[in-house]
Amino acid sequence: MREEISDVPSKLYHLFSFAKDGEIPLSINAATLLIRCFGRAKMLEESIAVFNALDPESRNTNVVNLLLDCLFRGGNTDDGFKVLDEMLERESSFPPNESTMDIVLSAIWKRNWVGRRMSVEEICGLVVRFFENGVFLDDVWLTKLITNFCRSGKSNKAWDLLHDMMRLGGQAEAVSFNALLSGLGRERDFENMNLLMNEMKEKEIKPDVVTFGILINHLCKSYKVDEAMQWRQEEGFKLMEKMRLESGYEPNTVTYNCLIDGFCKAGEIERSYELFDQMKKCGVVPNVITLNTLLDGMCKHGRVNSGIELFAEMQGKGVKGNAITYTILITSFCSVNNIDKAMKLFNEMSENGCFPDAKVYYSLILGLCQARRTNDASCVASKAKEAGFGLDIICYNALIGGFCRKNKIDEAHNMLRDMEEAGIKPDRYTYNTLISYFSQKEQFATAHRVMKRMIDDGYLPNVVTYGALIHAYCLSGNVDEAMKIFQNMSSSTNVPPNTVIYNTLIDALCKSDKVEAGISLLGDMKDKGVRPNTITYNAIFKGLQERNWVEKAFEIMDQMTENACNPDYITMEVLTQWLSAIGETEKLRSFLEGYEVSTSTA
DNA sequence: GTAGGGTTAG
């Protein structure tokens with residue numbers, strides 16, 4: 001075997017046959033060498049023959065492992081599992097060891113069996129039998145399995161795997177806990193994340209910088225959905241300090257990226273930028289994710305130009321943008337209706353070595369639809385298909401919505417057919433888009449038919465569905481019917497009205513000279529913990545202007561300030577016209593004073 | 001462990 005001669009395996013096989021004919025017993029070492037050699041040469045039959053020629057008394061776990069490996073590699077999995085089964089039996093002559101586990105898992109992994117030919121449950125059952133034999137997973141395998149189970153939506157099985165192993169005497173380290181923590185985090189299962197953190201403490205498993213990263217990220221992203229949005233980025237920030245002091249881990253690029261994103265998502269761009277400066281000062285190198293995170297935060301908060309400057313600055317420092325960078329910019333320019341710039345970026349990106357992926361195409365299609373350039377969107381959609389990116393449900397919905405808004409119901413129908421041919425089923429968004437269209441066309445019967453199909457498809461009407469109906473009834477002048485739906489939402493459905501619903505109704509009431517009712521709904525919002533926004537106040541101000549009800553307007557202006565709600569150009573237009581016409585410029589001035597910074601950015 | 005596109009409101 002050590003000589004460099006040709007066709008070693010077949011020569012060795014001749015030698016083996018010769019020895020066998022001569023009834024020379026095969027030693028375990030010789031058998032091991034032969035099986036390994038034949039195994040590598042994919043000579044399954046020969047491997048088995050050697051194994052069979054071996055005196056059963058001299059067989060050991062090692063040689064059975066080799067056989068097992070040959071069987072799996074040779075694709076003879078049925079026999080492989082039979083051999084394994086014997087090994088795993090109680091009082092087995094060849095008890096499994098770490099190599100056995102490795103061979104089996106490698107076979108399962110390589111053939112992409114997880115979740116396909118072998119279910120997560122089956123793998124769990126198999127691995128637990130190893131545990132019962134005192135053979136445990138190493139960190140790498142345990143982490144791999146936990147990650148994979150979580151990604152297949154079976155984080156409960158990942159949980160069991162980790163706990164079964166520890167219960168039966170195995171040791172796990174932070175990496176495996178991290179994998180499970182991140183899986184649980186993805187499902188927003190904070191309760192079990194906390195349990196797991198406590199277990200780490202009890203078992204004195206020291207959390208590492210990744211553990212802290214996971215926690216910081218989830219703190220930054222956690223917010224209450226039902227009530228006022230409240231991010232916990234401050235807690236994330238404090239946790240970073242705690243990590244530094246108590247564990248001695250220095251925050252790294254990922255730690256900072258998570259925090260920067262947390263503050264960006266909470267609209268605190270200044271703090272994000274401070275963190276960006278801090279990381280640079282501390283010698284933590286920003287990467288393309290840092291760039292994209294900050295850029296997205298800036299763009300989404302109306303600072304596209306600062307964002308572009310940041311991009312240029314980072315490029316100067318060697319951080320190249322990627323497809324995600326361009327997606328952010330394209331989306332941002334589309335959202336301010338600067339389609340030319342968005343198209344230009346799309347065409348430029350390839351020159352900068354960033355080739356558009358599916359999502360770049362999708363963002364452009366969406367942006368064009370939102371900017372009511374549905375035909376252009378359709379062209380880009382064709383280009384995307386040519387580039388090999390089939391449209392997804394979000395694109396189809398955008399195009400359907402775009403054609404509906406343009407009153408091109410035939411085109412919308414074509415898209416629906418296209419979508420069906422591509423094997424994509426309508427979802428909640430599709431149905432809501434169609435319901436919105438038909439009800440605005442006062443085709444309420446059709447809208448209700450669509451709604452019925454939506455329910456049959458398993459989608460209960462949600463706040464958007466009701467919002468579309470309420471809006472349509474308001475538009476058709478039937479505010480009473482709209483109010484009926486609104487009241488029905490609270491009493492008969494489990495769908496609490498949101499800001500959009502209130503805004504729709506308040507606007508309609510104010511426009512039909514029922515400003516008192518509008519103000520009463522504003523009070524209702526406060527009671528229900530639904531935050532009014534600029535649109536809410538604008539509607540009320542317009543209603544009050546009609547009545548020239550100045551005192552009430554002053555009251556509401558104070559409320560708006562208290563709620564830290566920024567006026568926009570419409571607020572300014574209404575109030576400036578009205579209040580200066582009646583000589584109340586002093587109140588206007590003091591109202592705007594509190595907003596100096598924010599109005600200038602607006 | 002970190003980054004990108006969606007339906008309803010003025």
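Biologist: Which residues does Asp-208 touch, not counting those up to four places away in sequence?
Modeller: Asp-208 touches Ala-174, Asn-178 and Tyr-249, where contact means heavy atoms within 4.5 Å. This is a predicted model, in which local features need pLDDT of at least 70 and side-chain atom pairs count only at pLDDT 80 or more, while totals for chains, interfaces and linings use all residues. Side-chain values use heavy atoms, without hydrogens and water, residues are numbered from 1 along each chain as its sequence is written, and chains are lettered from A and ligands numbered from 1 in the order in which they are written.

Biologist: Is Asp-208 buried or exposed?
Modeller: Asp-208 is buried, that is, under 20% relative accessible area with a 1.4 Å probe and protein chains only (exposed is over 50%, partly exposed in between). Asp-208 has no salt bridge, meaning a side-chain nitrogen of Lys or Arg within 4 Å of a carboxyl oxygen of Asp or Glu; the nearest side chain of opposite charge, Lys-206, is 9.5 Å away.

Biologist: And how many salt bridges does the count come to?
Modeller: The count comes to 33, and Asp-277, Lys-280, Glu-313 and Lys-317 are linked in a network of them. Another salt bridge joins Glu-421 and Arg-417 at 3.9 Å, N to O; Glu-421 is exposed at 61% relative accessibility, whereas Arg-417 is partly exposed at 45%.

Biologist: Switching to the DNA, what does Asn-432 approach?
Modeller: An N or O atom in the Asn-432 side chain is 2.5 Å from a base oxygen of DNA strand B.

Definitions and conventions. A polar contact is a pair of N or O atoms within 3.5 Å; within protein, one must be able to donate a hydrogen and the other to accept it, and residues adjacent in sequence count only if both atoms are side-chain atoms. Lys and Arg count as positive and Asp and Glu as negative; His and the chain ends are not counted.
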